[in-house]
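The entries follow in the order in which I worked.

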Amino acid sequence: MRIVGHKNFGLNQPPATPEEAWQRGRVLDAMLPNPLPVPRGVSRMTHAQRNAQDDARMLAVARRLNSSAQANGTA
């Protein structure tokens with residue numbers, strides 16, 4: 001991982017307006033774990049099937065994050 005710029009830039013500064021604070025909060029809320037837990041336990045599948053399942057889950061998470069960012073106007 002490569003950090004460009006100052007590592008703590010903007011983290012210590014409070015949002016300028018209540019609307020900006022609300023938008024930041026909505027983006028952070030979208031990053032929280034899925035309220036529906038990932039099924040736990042043992043499952044038998046091939047490596048390719050497991051990778052496809054992981055890809056589908058990550059795609060769903062990315063869609064949820066991107067849709068919330070567009071709805072909030074932060075993207």
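I began with D54, which at 24% relative accessibility counts as partly exposed (buried means under 20% relative accessible area, exposed over 50%, partly exposed in between, with a 1.4 Å probe and protein chains only). I note that this is a predicted model, in which local features need pLDDT of at least 70 and side-chain atom pairs count only at pLDDT 80 or more, while totals for chains, interfaces and linings use all residues. Residues are numbered from 1 along each chain as its sequence is written, and side-chain values use heavy atoms, with hydrogens and water left out.

I then searched the whole structure for salt bridges (a side-chain nitrogen of Lys or Arg within 4 Å of a carboxyl oxygen of Asp or Glu) and found three.

D54 meets R50 in a salt bridge at 3.9 Å, N to O, and R57 in another at 3.7 Å, so I recorded R50, D54 and R57 as linked in a network. In helix 2 (residues 47-72), R50 and D54 are four residues apart, about one helical turn; helices here are DSSP runs of H or I with at least four residues, numbered from the N terminus. R57 and D54 are three residues apart in helix 2, again about one helical turn. I find R50 partly exposed at 40% and R57 partly exposed at 38%.

I turned next to E20 and R24, whose closest N and O atoms are 3.3 Å apart in a salt bridge. These two residues are four apart in helix 1 (residues 18-30), separated by about one helical turn. E20 is partly exposed, with a relative accessible area of 28%, and R24 is partly exposed at 35%.
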